[in-house]
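Biologist: I would like to learn how to read a model like this one, feature by feature. Could you take me through it?

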Amino acid sequence: MAAAPALKHWRTTLERVEKFVSPLYFTDCNLRGRLFGDSCPVAELSSFLTPERLPYQEAVQQDFRPAQVGDSFGPTWWTCWFRVELTIPEAWVGQEVHLRWESDGEGLVWRDGEPVQGLTKEGEKTSYILTDKLGEKDPRSLTLYVEVACNGLLGAGKGSMIAAPDPEKMFQVSRAELAVFHRDVYKLLVDLELLLGIAKGLGEDNQRSFQALYTANQMVNVCDPAQPETFPVAQALASKFFGQRWGESQHTIHAMGHCHIDTAWLWPFKETVRKCARSWVTVVQLMERNPEFIFACSQAQQLEWVRSHYPGLHARLQEFACRGQFVPVGGTWVEMDGNLPSGESMVRQFLQGQNFFCQEFGKMCSEFWLPDTFGYSAQLPQIMRSCGIKRFLTQKLSWNLVNSFPHHTFFWEGLDGSQVLAHFPPGDSYGMQGSVEEVLKTVAKNRDKGRTNHSAFLFGFGDGGGGPTQTMVDRLKRLCNTDGLPRVQLSSPERLFSALEGHSGQLCTWVGELFLELHNGTYTTHAQIKKGNRECERILHDVELLSSLALARSTQFLYPAALLQDLWRLLLLNQFHDVVTGSCIQLVAEEAMCHYEDIRSHGNTLLSAAAAALCAGEPGPEGLLIVNTLPWKRTEVLALPRPGGAHCLALVTVPGMGYAPAPTPTSLQPLPPQQPVFVVQETDGSVTLDNGIIRVRLDPTGRLTSLVLVASGREAIAEGTVGNQFVLFDDVPLYWDAWDVMDYHLETRKPVLGQAGTLAVGTEGGVRGSAWFLLQISPNSRLSQEVVLDVGCPYVRFHTEVHWHEAHKFLKVEFPARVRSPQATYEVQFGHLQRPTHYNTSWDWARFEVWAHRWMDLSEHGFGLALLNDCKYGASVRGNVLSLSLLRAPKSPDATVDMGRHEFTYALMPHKGSFQDAGVIPAAYSLNFPLLALPAPGPAPAAAWSAFSVSSPAVVLETVKQARGGMGRWRVRGGAWCRPHPPLTSLRRRRPAPRAARSCCGSTRPTAVTATAGCTRRCRFKRLSCELGRGVAVGVLPLQGPHGHLLFCSCDLLERRDPTGPLLLRDNRLKLTFAPFQVQSLLLLLQPPPN
Ligand SMILES: [Zn+2]
């Protein structure tokens, strides 16, 4: 035991040690002041400034001009390259020598043409080790380059972190020198800081705390900073303390290096490419120096960037992955938002991600890793399980504003009952620094004490701070097993989860979504990004289906696999948790809009190409093909293009996943035996629209005074209220402007009142009737809306255009329903869930603003009202009022967000029975997947054709695509994905193979269902998939024809064939049974006919 101080005075002893290691006080005589010894300036410094992010080879060719420490350079987003000529003094032979470099811009050191280390002041990386020990014969002169980005770790916010970037910000290098580094001083500093942390963290009630303090005090006594020969005695005192061991029952902390890098946020995508290089090259250096150090790295997209921009670094990462030190985690393309992407998009995140990890690192990830997302869909456990993942790590729920989440280690059960083992690091951070305080907090805060004895500890600076530092690693190594502290292991995700799985018998289970009680504004902020996301999800769905059908019908058609992969990756990139959520700077939003434009334009070209292939050789009357990409027959009003740019409205019927010829002018009349739409304007200015299914009455300002289900005469709007009521709220959060809408905004509700007489009849009836009006929202913002009712349509649509120029306002539209229910239903990925309509408990009222996909519904027994939308995500139902969130106006980090013109559509559907029986789900699909009128080059087919159909309305056939890497896959079994793929371009040219199908559903009774389809041409391969919200079973009749036989197999979401063998076809029908909310995938192998 170390000697106790002469006097019992805790405070003076503690502060004495603090001053001994202080970087501020007494550095002339304390230990910290001796960390660096002799120093000298660099021999020559020159620089070159550029607005571009140049590759190294190009940058070093440029004209470098003399520079000095203290020179300023910029502005924001530019890059300053420094050439640093060094000469190490001969007298330093035998010493460790560092380049000390301090700059407020993030730097990357290049040596011999390779990146070697990141330099980030905010990430505590301000020196680069030139040599551990300068040898007599070592070269003492060398040239380095330092690439300094004109942005800090968190971008360049003006005045505040999340303020919009300051475009004029200037940067400085404040230190560039050579110095001798005293490693023995450094080691003592690490020990003394840990001892201080233990003394403070355990406190005066704890005996171990006194032992730590007295050890530190004794070390100060024996150590003379000016006499290095006194250091070993002090070191021995520390070693003795840290060598005192605990018993076996202590909690084990699994410390893993990590560096959460936002793929774009307060900086553009291109800067992230460099953030990855700066961080990971620093990590490589740490892994080299510390063979026991393990680093967990997520996001395939970031690794792909490093692969293409820094191939040398990528090769090193692969090397360390083989050694088990560099551990790819997550399995997804990016760390996407956990709420807004569609079910299919979430599947593609894993499909693209896992395939990349397999190809580049030899194996798939075994844990889903999403520390920083603003909520987690209840469908994720099923998607994870079907993508080869049973483990999940996050920590964001510790940000909950209202309720504290009750578990850190638990089973998370999804909509369909799938379970994964979930772990939240109890220290509530993914950027720890290895301090005693954090280690103690990790144990103290663990909410599963007595149930599990292991927890994760993720350390390292994120967002480009270069990840972990050597000091963090040294601290954690010191704490590996010392009496009084939790046991700390430098560990891996595999070791952590294996330990948790080993003792999982007592863990609790959380069922349903993991809802984040914060950042609820991200469902609405940046409406154009949300709209781009929804539209591009639709376009890629349609292109894949049509291309698959074209492939089946035409021997000439080439499936655009490579281009589709590129477009999908672009869409997935923008689903990153600070992009689709709208919490990014303007620069990022502009890039996202360009990406969506790329997907739209390429998508339209691909649709035309597929339509052309479908038409080939089919004589028909019109050069126009009407396509239905949904799996059920639809009869809808469609605007058909006419020569000269005009359009005419026609009622068309198209079978599921198929096409029909365009109607001729003569076939347009008369109307089928349905009631046409009647439009009547009363003398008071109100308008009634009636199609025999619903009757809509609008008051003279455009508000909905009545909505009647004609057959039953039932009124859907609550008595004495109006629907389609626009409301404006003050929207000033506490800090996170783009992210947060606070509970108190509800107290500022102001209905927007229109002027009587603004309502006018638009389309006068027949196949379509409409009325339109203008509404001044405020002095600066206005809205126009066309309320449209089509023949045979069970819902009324509201086409809305808004010119929005506000600051900190929130626009919503409300519909008070004549319905009473304690729960409302919201669509989520491949399903739906209920949330309360009341504020009983804190868990209920914390969900005052929630997210939904294409529809929400409020139903009582036998009757309900559904609100559909084509690009919105924010929603709520309180009491009987359904509310759709339309537009926000935050100012940080993008001061221009959402200003300008918007177009969107929502629709209202009253119904009898349940929303399932009433067809709300297909109605919402139809609103989002309009029938397509595609020009055909020459005659279009004369007869309608359907590729697939499903007999149960409970099952949705969701996606049809070519199986990835499909061809020839039918010849191999499991594990095929673990081999590198051939390049996609060559893959396109390969021969017949599989297709896969997926289907999902959500109800209980297994029922036999059948489907029919007719294909008369040579089919190569195809894959179809189907998903759904509720239901039973699917039947699919595959393509018939002279193309050999078809084989159906089950597969997982990664399109890996199930080993149980082919599924049986009876009468060309396939019968499948579904559990509620189950997603199933099928692979269709089309085998060539025997010769
Ligand atoms: Zn993040």
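**Reading the model**

Modeller: Leu24 is found in the loop between α1 (10-21) and β1 (36-41). Keep in mind that this is a predicted model.

Biologist: Is Leu24 buried or exposed?

Modeller: Exposed means over 50% relative accessible area. Leu24 has 68% relative accessibility, so it counts as exposed. Together with Tyr25 and Phe26, Leu24 makes a nonpolar surface patch of about 380 Å².

Biologist: Let us turn to the metal. Which residues coordinate the zinc ion?

Modeller: The donors are His260 (NE2), Asp262 (OD), Asp372 (OD) and His577 (NE2), at 1.9 to 2.2 Å. Along the chain, these donors of the zinc ion follow the spacing H-x1-D-x109-D-x204-H. Within the set, Asp372 and His577 link distant parts of the chain, being 205 residues apart. Asp372 sits in the loop between β15 (367-369) and α10 (380-385), and His577 in the loop between α15 (561-573) and α16 (586-615). Both Asp372 and His577 are buried.

Biologist: How do I judge the geometry, and why is the arrangement around the zinc ion irregular?

Modeller: The ideal angle for four tetrahedral donors at a metal is 109.5 degrees. To count as tetrahedral, four donors need all angles between 85 and 135 degrees. Here the 4 donor atoms subtend angles of 90 to 152°, and the arrangement is therefore irregular.

Biologist: Next, salt bridges. How many does a search of the whole structure find?

Modeller: Side chains of opposite charge can pair when their charged atoms come close. The search of the whole structure finds 48 salt bridges. One of them joins Glu292 to Lys477, with the closest N and O atoms 3.6 Å apart. Glu292 lies in the loop between α6 (269-289) and β13 (295-298) and Lys477 in helix α12, so the pair ties together parts that are 185 residues apart in sequence. Glu292 is partly exposed, with a relative accessible area of 36%, and Lys477 is partly exposed at 29%.

Biologist: Arg348 and Glu544 also meet in a salt bridge. Where in the chain do the partners lie?

Modeller: The N to O distance in that salt bridge is 2.8 Å. Arg348 belongs to helix α9 (residues 343-361) and Glu544 to helix α14 (residues 527-553), so-called distant parts of the chain, 196 residues apart.

Biologist: Are Arg348 and Glu544 buried or exposed?

Modeller: Buried means under 20% relative accessible area. Arg348 has 3% relative accessibility and counts as buried; Glu544 has 2% and counts as buried too.

Biologist: What about Glu903 and Arg901?

Modeller: Their side chains meet in a salt bridge at 2.6 Å, N to O. Glu903 counts as partly exposed at 42% relative accessibility, and Arg901 is partly exposed with a relative accessible area of 43%. Elsewhere, salt bridges that share partners join Arg53, Glu106, Glu147, Glu271, Arg274, Lys275 and Arg278 into one network.

Biologist: Now a helix. Which residues of α11 are buried, and what do they pack against?

Modeller: Helix α11 covers residues 436-445, and Val436, Glu438, Val439, Leu440 and Thr442 are buried in it. The buried residues of α11 pack against α3 (183-202), β12 (252-258), β19 (454-459) and β20 (487-490).

Biologist: And the backbone? Where are there cis peptide bonds?

Modeller: The peptide bond from Gly74 to Pro75 is cis, with omega near 0°. Pro75 is placed in the loop between β4 (72-73) and β5 (79-87). Another cis peptide bond joins Ser892 and Pro893, where omega is about 5°. Pro893 lies in the loop between β44 (881-888) and β45 (900-912).

Biologist: What is the phi of Asp463 and of Glu1055?

Modeller: Asp463 is not a glycine, yet has a positive phi of about 55°. Asp463 lies in the loop between β19 and α12 (470-478) and is buried, with a relative accessible area of 8%. Glu1055, not a glycine either, has a positive phi of about 70°. Glu1055 lies in the loop between β51 (1046-1051) and β52 (1065-1066) and counts as buried at 0% relative accessibility.

Methods
Residues are numbered from 1 along each chain as its sequence is written. This is a predicted model: local features need pLDDT of at least 70, side-chain atom pairs count only at pLDDT 80 or more; totals for chains, interfaces and linings use all residues. Side-chain values use heavy atoms; hydrogens and water are left out. Patches are made of residues with over 30% relative accessible area and no salt bridge: like charges are joined within 9 Å, nonpolar side chains (Val, Leu, Ile, Met, Phe, Trp, Tyr) within 5 Å. Accessible areas come from the Shrake-Rupley method with a 1.4 Å probe; for residues, only the protein chains shown count as cover. A salt bridge is a side-chain nitrogen of Lys or Arg within 4 Å of a carboxyl oxygen of Asp or Glu. Helices (H or I, at least four residues) and strands (E, at least two) are DSSP runs, numbered from the N terminus. Buried means under 20% relative accessible area, exposed over 50%, partly exposed in between (1.4 Å probe, protein chains only). Donors are N, O and S atoms within 2.8 Å of the metal (3.2 Å for Na, K and Ca); water is not among the atoms, so sites may look incomplete. Four donors count as tetrahedral if all angles lie between 85 and 135 degrees; four count as square planar and six as octahedral if opposite donors are over 155 degrees apart and all others between 65 and 115; anything else is irregular. Contact means heavy atoms within 4.5 Å.
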